[in-house]
Amino acid sequence: MAPLRIAILECDTGLPKALAKYKRYGAISSALLEAGAKEAAAAAGLLQQQQQQRTTKRELEIRIWDVVNEAGKFPELGDVEGVFLTGSKFDSFADVPWTNSLVAYVRKILAQDRVKLVGVCFGHQIVGRAMGAKVGRNEGGSGWEVSVTDVHLTTEGIKVFDEEGKKKKDVLTIYQMHRDIVFDYPAGVQPLGSTEPCKVQGMFVPGRLFTVQGHPEFTEEILVEILEVRHQEGVFGDEMYKDAMARVGRRHDGVMVGKRFIEFFLGEE
């Protein structure tokens, strides 16, 4: 069976400790997809075993593209089945060449119906921008949403994140690290969830696109480094930092979201 070819569009450079482990920022998302693929394969194998069917494993073929430092260089759509947009410290609404070319490329993906699109955080916002939604700084409260957070799922979100009908959970627990938001849902997408600071927490179009505002790819180690750096830089005050650190070790649904991304790419959503 042919491999599942996924292009990760790397939209950031990463911090030192994370880079020491993962070598490059896009590899964090690659690790999520690989973990999700293992979960998906295990679930499919168990189901097929129960049904006395033969299990077939489809390999992942992942390539990372640095779209910040090599602006305008993107994979040919005929060479991939899926495109994954990473998070970023940069502004998704910025009028700069590399971001503008990324938006144009996303619109090219949205104009066809074979290659599927996934975006997290900054990537989620880029998809919203490409679809005509307002994207910008959240001016409410502190503006920031950080650490492990409960996202309240819509009816559509419950279906999308339901694992084989087991849980019917109405809350998705996920890492957050953002102060920019998509203000409104673009026409034609299914809303997946909301929080008080951010009502657009995920978008879904079957067979086309799947986004979340959170960071399913983050680990506790990655999030702690970001919190520490931003606290030291004065971005986060003492109260916000302490609150975020108190929640950073909570259980989260990151790998489950990665599994659903893989199933979406495979057409099993």
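I began with the second largest pocket and sorted its lining by class, which gave 14 nonpolar, 6 polar and 9 charged residues. The model I am reading is predicted, and I kept that in mind for every entry below.

*Confidence.* I looked up the pLDDT next and found a mean of 92 for the protein, with 93% of its residues at 70 or more.

*Pocket.* Returning to the second largest pocket, I noted a volume of about 540 Å³. I then asked which residues lie nearest its centre. Among the 29 residues that line this pocket, they are Asp-12, Ser-88, Lys-89, Met-177 and Arg-230. I also went through the elements that give two or more residues to the lining, and these are helix 4 (122-130), strand 7 (171-178) and helix 6 (220-232). Helix 6 supplies the largest share of the lining, with 5 residues.

I found an open sheet of 3 strands in the order 7-6-10, with antiparallel pairing. Strand 7 and strand 10 (193-194) are its edge strands, each pairing on one side only. Between strand 6 (residues 145-153) and strand 7 I recorded 8 bridges in the antiparallel sense, and for Val-151 I found that the bridge partner in strand 7 is Leu-172.

*Seven-stranded sheet.* I then traced an open sheet of 7 strands, whose order is 2-1-3-4-12-11-9 and whose pairing is mixed. Its edge strands, each pairing on one side only, are strand 2 (60-66) and strand 9 (190-191). At the strand 9 end I looked at the pairing with strand 11 (residues 202-205), where 2 bridges join the two strands and the run is antiparallel. The bridge partner of Gln-190 in strand 11 is Phe-204.

*Salt bridges.* I noted 15 salt bridges in the structure and followed one of them, between Asp-180 and Arg-137, in which the closest N and O atoms are 2.6 Å apart. Asp-180 belongs to strand 8 (residues 180-182) and Arg-137 to strand 5 (residues 135-137), so this pair ties together parts that are 43 residues apart in sequence.

Key: Residues numbered from 1 in each chain as written. Predicted model: local features only at pLDDT ≥ 70, side-chain atom pairs only at ≥ 80, totals over all residues. Heavy atoms only, no water. pLDDT = per-residue confidence, 0-100. 1 Å grid on protein atoms, 1.4 Å probe; cavity = no way out; pocket = protein on both sides within 12 Å on 5 of 7 lines; lining within 4 Å. Points joined across faces, edges and corners; volume = space filled by probe spheres on them. Helix = DSSP H or I, 4+ residues; strand = E, 2+ residues; numbered from the N terminus. Nonpolar A, V, L, I, M, F, W, Y, C, P; charged D, E, K, R; others polar. Pairing = 2+ DSSP bridges. Salt bridge = Lys/Arg side-chain N within 4 Å of Asp/Glu carboxyl O.
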